[in-house]
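Please read it alongside the sequence and the model.

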Amino acid sequence: MRLSIGRLALPLLVWFCMNVLYGAGVEPVLVEFFYHPGCEECEIVKQQILPALRKTFGDTIRLEEYDLLEKTNYFYLTQLQTRLGIHTSEPVSIYIEGAIHLGGLPAIQQQLTNTIVQLRAGTIAEPRSSTAGPVPPPE
């Protein structure tokens, strides 16, 4: 059986590009999704945006979902908002690495994928950070 180099080149090139673009071997980017059950915008994010995100980034993201009807999740969100100086209350929001806030469906649709790509590539710094350290997620 003869192995063709051409048949190996494309998969190796794809693998290499994925590793460079999405940082294989690096800690996954934390994406935290806060939602209210029954919220239409939340359902759009849950049914359309998050599956596409998982397909695009795979194991290079760690997606956590928080139902805001649970008190510990709501308390965690308010801690994040306080630490980052967020004074809005969109029905749906996503926090990336506990430092980048995307509030509301339009912001999530327009900025989520690009923000993750830029973080992975190191082309943006986390725009909001705190010297108080990270807020521990609910247990």
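## A ring and its partner

Is Phe34 buried or exposed? Phe34 is buried, with a relative accessible area of 1%, where buried means under 20% relative accessible area, exposed over 50% and partly exposed in between, using a 1.4 Å probe and protein chains only. Tyr95 counts as buried too, at 0% relative accessibility.

## Basis of the values

This is a predicted model, in which local features need pLDDT of at least 70 and side-chain atom pairs count only at pLDDT 80 or more, while totals for chains, interfaces and linings use all residues. Residues are numbered from 1 along each chain as its sequence is written, and side-chain values use heavy atoms, with hydrogens and water left out.

## Aromatic pairs

Rings of Phe, Tyr and Trp (its six-membered ring) pair if their centres lie within 6.5 Å, with planes under 30 degrees apart counted as stacked, over 60 as edge-to-face and the rest as tilted; the count comes to 5 aromatic pairs. The rings of Phe34 and Tyr95 have centres 5.8 Å apart and planes at 90°, so this pair is edge-to-face. Ring pairs link Phe34, Tyr66, Tyr76 and Tyr95 into a cluster.
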